Amino acid sequence: MTFGNIVHDPFLQSVLAASIHARQQCLQLIDLAESSAVAPSETLPFNTKFQLSAKQRQLNADLANLRQSSRESIFEVRATKQDTAEARQEVDRLHLQLQNLYYEERHLRGEISACESYDHQYQQLPLIPVEDFLEVEPQHADTDEKSLMFARINHELAERELLEQQRQELLKRKQVLTAENKKRKDDLASLDKDLETFIDAAKPIQTLFEKQY
């Protein structure tokens, strides 16, 4: 398995490539030093010294670049971890929000089911049958069930208001007739009293006529 199968970030791949290149240069420098080794009393040829010096400078430059790239990669990894942590927090927040929505949906479905199965008071109203209502209000023949129920309730309300109005009128009429009857009773009672007074006053005259005739 190569590093390319594990690391997919282009910058990190370049860092890995630079480290591999620096390692190869180290190995080449070691090989060159070993192949050019001489006895302690001998001096290296100028050409060999020049090659070793050039490769060492190149290696130092590559190692400096590698250290810089390594630091940058560390910063990038930290930034990536931070972004990942923030993204995970956002995902967790959205997941929690989604769970809350599921709970709210379940609660609302329960409320809807309870409302649909609730024994509404209007269902107990003594409304006239639909057939009789449509005979009176034929314009509602093609109305949907909900609107038809509203129309029947409004019709029942209008009928009850009309009956209540008639009841109030009859009540007022009853009160008037009751007052008239009371007045007539009072008048008759007063008349009876006047008749009794008149009869009592006429008794001496009646006695006088009875004596004379």
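1. Which helix is the place of E156? E156 sits in helix α4, which covers residues 145-212. Helices here are DSSP runs of H or I with at least four residues, strands are E runs of at least two, and both are numbered from the N terminus.

2. Before going further, a word on what you are looking at. This is a predicted model, where local features need pLDDT of at least 70, side-chain atom pairs count only at pLDDT 80 or more, and totals for chains, interfaces and linings use all residues. Residues are numbered from 1 along each chain as its sequence is written, and side-chain values use heavy atoms, with hydrogens and water left out.

3. On confidence: pLDDT is the predictor's confidence in each residue, from 0 to 100. The protein averages 82, and 89% of its residues score at least 70. Among the elements, helix α2 (residues 46-117) has the highest mean pLDDT, 87, while helix α1 (residues 10-35) has the lowest, 79. Where pLDDT is low, the predicted coordinates should not be read in detail.

4. The overall make-up is quick to describe. There are four helices and zero strands, so from the N terminus on the elements read α-α-α-α. Buried residues (under 20% relative accessible area, with exposed over 50% and partly exposed in between, using a 1.4 Å probe and protein chains only) make up 10% of the 213 residues. Take contact to mean heavy atoms within 4.5 Å. Of the contacts with a separation of 6 or more, 52% come from residues 24 or more positions apart.

5. Now for how α1 and α2 meet. Their axes come within 9 Å and cross at roughly 155 degrees. That makes α1 roughly antiparallel to α2. By class, their contact has 13 nonpolar, nine polar and four charged residues. Here Ala, Val, Leu, Ile, Met, Phe, Trp, Tyr, Cys and Pro count as nonpolar, Asp, Glu, Lys and Arg as charged, and the others, Gly among them, as polar. The axes are lines fitted to C-alpha atoms, for helices over the stretch in contact, with angles from 0 to 180 degrees between N-to-C directions. Angles under 35 degrees count as roughly parallel, over 145 as roughly antiparallel, 65 to 115 as roughly perpendicular and the rest as oblique.

6. L66 is buried, at 16% relative accessible area. Leaving aside neighbours within four places in sequence, L66 is in contact with V15, A18, S19 and A22. L66 and V15 are 51 residues apart along the chain, yet their C-alpha atoms are separated by 6.9 Å.

7. D62 also lies in helix α2 and is buried, at 13%. Not counting residues up to four places away, D62 touches H21 and Q25.

8. Beyond its neighbours within four places in sequence, E156 is in contact with P126, L127 and I128.
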